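Here's a quick look around one structure, for anyone meeting it for the first time. Have the sequence and the 3D view open as you read.

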Amino acid sequence: MKVLVPVKRVVDYNVKVRVKSDGTGVDIANVKMSMNPFDEIAVEEAVRLKEKGLVTEVIVVSCGVAQCQETLRTAMAIGADRGILVETDVDLQPLAVAKLLKALVDKEQPGLVILGKQAIDGDNNQTGQMLAALTDLPQATFASKVEVAGDKVSVSREVDGGLETLSLSIPAIITTDLRLNEPRYVTLPNIMKAKKKQLDTFKPEDLGVDVAPRLKTLKVAEPAKRGAGVKVADVAALVDKLKNEAKVI
Amino acid sequence: MTSLVIAEHDNASIKPATLNTVTAAAACGGDVHVLVAGEGAAAAAAAAAQIAGVSKVIHADGASLKDGLAENVAAQVLAIASSYSHILFPSTAAGKNVAPRVAAKLDVAQISDITKVDAPDTFERPIYAGNAIATVQSADAVKVITVRTTGFDAAAATGGSAAVEAVAAVADSGKSAFVGREVTKSERPELTAAKIIVSGGRALGSAEKFTEVMSPLADKLGAAIGASRAAVDAGYAPNDLQVGQTGKIVAPQLYIACGISGAIQHLAGMKDSKVIVAINKDPEAPIFSVADYGLEADLFTAVPELVKAL
């Protein structure tokens, strides 16, 4: 079976973002971008399934500006076989991405779609679930273990209070949590090989999807700053402050 | 205009996250109804009817809803969705699992993790690990929302007297099945509801040390124990204790961070705490920039001393 892995180009997780002074958004000009960390885990998982012989082809897809090609090349250097870029300058919201992905699922007919559980820019945690709804496929979100056996996939999920295990019939949608695996480093020879892999480009119109944003962002502001704290000399002073100044114990 | 809150429950009682969600629903204006979907959940439905501000409880009971499978719970919500202007879920693992599925079926955008209701169609939510707050407006007919529980006060669990209306449970989708559950046992308060949290990081060095150092402090303060991602990844603490962007979001009265450097992903989960204490031997640790009280000391001596001093 084929596996489809959607990947997103986001501001690198180590970057401390700044809000633009006019309140229209976050300043991402000249900021380091990389693959969303949860998506790296998704690509790694798909490649591992391929290495186990359970999967024949890993297709990575990214939706967004032309530079998303770099993200796709990274995914192909990890081990994906080919890439699809849905190119648009429109600010894509999860529902629009889910619709684009649905069109690609209809076209490619993958057995599994593995997504990250959330992107670290919008922090939405929606796309996988929305794709599952639109395609009418079962979903297993926040996966920490995936085992394919015949026409079923068994997934352990991280839930509040512990873990739960579900069994889904294939085709199915899975979203990754942090502990699913440790993504490998890409090597130089693999980066070179990835440059030769097939990358197809579509426009949203080619897929018949309206990607106009549904939510309007009125403003983006800095969160309230915390007042400057104090350093205390020793434990006794700390206990005294907590008891008498903050009155929390 | 009526709001529907999807209750988080364990069939016997209502989870506290539901109460915060009811407050958010009330802020949207109009009546507040609560859906209790489960199996043998009459007690939970009765408890939901007691919540102040709730005018109706809809109780769907059936085997398909027993384990909260997203496919079935979403279908149950959709079966009654047409009467509501707002559908709100707590932003818990269960809520986040189902809400986007409902939104996509209704062909509306979903609004995640709201921290404030500015108007019935305008909400505030944190983005970029809490480093920016976006105000978003929805033009959709139905607003499907997940509510960051630490952003809203809990509604009173008693004082209401809502009618309970039974509805038929949806059929099982047949596409997914529940296999089993491994629950982490704990006698301590629940992390997201605790008034005091003591949290440990990688500096603790091992699972044994983590328990040995953090437990007495938690016991002394009646606190819940949290952990940084580094501590969880190293296997010092189970992963449902993780506080941060990808773990639990907490806002207790007092948060004591021991041996945690304070990466932005961790701060995203705890910076709305009322008082933050940092104990760390590295004076340059970023955690000191958000701490109200910082103690520059080795936690292996400072924490036991603190336990003694309390």
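## A helix in chain A

Let's begin with Thr71(A), which is found in helix 2 of chain A. Keep in mind that this is a predicted model. Is Thr71(A) buried or exposed? Its relative accessibility is 5%, and buried means under 20%, so Thr71(A) counts as buried. Leaving aside its neighbours within four places in sequence, Thr71(A) is in contact with Val7(A), Lys8(A), Arg9(A) and Met35(A).

Helix 2 covers residues 68–78 of chain A, and its buried residues are Cys68(A), Thr71(A), Leu72(A), Ala75(A), Met76(A), Ala77(A) and Ile78(A). In an α-helix there are 3.6 residues a turn, so residues three or four places apart point the same way. What follows helix 2 of chain A? That's Gly79(A), with a positive phi near 145°.

## Zooming in on one pair

Strand 7 (residues 122–127) and strand 8 (residues 132–138), both of chain B, run antiparallel and are joined by six bridges. To find your place here, look for Arg125(B): it stands opposite Ala134(B), which is in strand 8 of chain B.

How values were computed: Residues numbered from 1 in each chain as written. Chains lettered and ligands numbered in written order. Predicted model: local features only at pLDDT ≥ 70, side-chain atom pairs only at ≥ 80, totals over all residues. Heavy atoms only, no water. Pairing = 2+ DSSP bridges. Helix = DSSP H or I, 4+ residues; strand = E, 2+ residues; numbered from the N terminus. Buried < 20%, exposed > 50% of the residue type's maximum accessible area, 1.4 Å probe, protein only. Contact = heavy atoms within 4.5 Å.
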